[in-house]
Amino acid sequence: MERIKLAVDLDDTIADTTDEWVKEANAELGRAISKDEITEYDIYKVLGIEQEYVQAVYNRLWKEPHEIKLLDDNIPKILNDLMETFEIIIVTAAPGNTESIKGWLTSNRVRYDSLVKVVHASEKAELGDRIGIPIFVDDSPKVATDVLGANKYMVMVRQPWNARFIEENRSEKLVPVSSWAEASETLESISNTIKGI
Ligand SMILES: [Mg+2]
């Protein structure tokens with residue numbers, strides 16, 4: 001049986017990028033920002049930091065991504081197991097070049113079927129329509145809005161910046177998860193629904 005296509009985001013879904021961003025920004029700006037304060041997806045809107053600076057730190061992190069850790073230590077095993085049911089397509093707007101992102105995934109033992117780089121988050125749902133992806137795993141409220149608007153499943157990794165979105169957009173197709181173990185269970189159950197089991 002053909003595997004179900006699954007789009008998986010990279011930043012703050014697989015990679016703990018913003019955790020590293022906070023460390024860098026705190027060291028450089030002499031601040032004590034905690035990730036919990038980032039209650040908007042666009043960091044500059046809550047922390048009073050220039051948008052260009054926010055982006056520059058992310059750019060720098062992905063240029064030499066060895067400092068970035070996995071969001072969850074169980075991700076390599078879980079994705080490996082999910083590959084039996086799903087064709088895993090990592091879809092990311094991360095600023096790193098493809099080689100540095102692939103290098104990071106390999107060094108963290110993350111297996112996947114393909115990697116698609118997009119420039120804007122809005123391209124993710126478009127890709128989903130084009131190649132028929134019924135499920136997305138992502139932390140972005142923007143992506144979630146598009147995905148749910150297209151009547152697809154959104155498995156949302158809980159982060160401080162999507163708590164309000166989750167609260168305000170309860171629906172059968174929006175499934176918030178607090179860990180990858182939970183994501184895995186949810187995905188297997190959605191796959192059974194899709195296959196009509
Ligand atoms: Mg993300």
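**Exercise 1. Find the strands that helix 6 lies across, and give its angle to strand 1.**

Solution. In this predicted model, begin at helix 6 (122-131) and look at the strands it covers. Helix 6 lies across strand 1, strand 2, strand 3 and strand 4. Next, compare directions: helix 6 runs at about 170° to strand 1.

**Exercise 2. Work out the strand order of the open sheet and say which strands stand at the edges.**

Solution. Start with the pairing around strand 2 (residues 86-92).

- Step 1: strand 1 (residues 4-8) is joined to strand 2 by five bridges, and the two run parallel. Within this pair, L6 stands opposite I88, and A7 stands opposite I89.
- Step 2: strand 2 is also joined to strand 3 (residues 114-117), here by four bridges, again in parallel. I90 of this pair stands opposite L115 in strand 3.
- Step 3: read off the ends. Strand 3 and strand 6 each have a single partner strand, so one side of each is left without a neighbour in the sheet.

**Exercise 3. Is strand 2 largely enclosed or open, and why?**

Solution. Count the buried residues: five of the seven in strand 2 are buried, so the strand is largely enclosed by the rest of the structure. Then follow the chain onward: strand 2, helix 5 and strand 3 make a right-handed β-α-β unit.

**Exercise 4. List the buried residues of helix 7 and the elements they pack against.**

Solution. First, pick out the buried positions along helix 7: P141, V143, A144, D146 and V147. Second, look for the partners. Finally, step past the end of the helix, where N151 takes a positive phi of about 60°.

**Exercise 5. Describe how domain 1 and domain 2 meet.**

Solution. Take the bounds from the domain assignment: domain 1 is 4-16 + 69-195, and domain 2 is 18-67. Their C-alpha centres lie 22 Å apart. The contact draws 13 residues from domain 1 and 14 residues from domain 2. On the domain 1 side, helix 5 (98-107) and helix 7 (141-149) are the elements that give two or more residues. Sorted by class, that side has seven nonpolar, three polar and three charged residues.

Note on methods: Residues are numbered from 1 along each chain as its sequence is written. This is a predicted model: local features need pLDDT of at least 70, side-chain atom pairs count only at pLDDT 80 or more; totals for chains, interfaces and linings use all residues. Domain bounds come from an automatic or database domain assignment. Two residues are in contact if their C-beta atoms, placed from the backbone, lie within 7 Å. Ala, Val, Leu, Ile, Met, Phe, Trp, Tyr, Cys and Pro count as nonpolar, Asp, Glu, Lys and Arg as charged, and the others, Gly among them, as polar. A residue is buried if 20 or more other C-beta atoms lie within 10 Å of its own, exposed if 12 or fewer, and partly exposed in between; C-beta atoms are placed from the backbone. Two strands pair if DSSP finds at least two bridges between them. A crossover is right-handed if, with the strands pointing away from the viewer, the path from the first strand over the helix to the second runs clockwise. Axes are lines fitted to C-alpha atoms, for helices over the stretch in contact, and angles run from 0 to 180 degrees between N-to-C directions.
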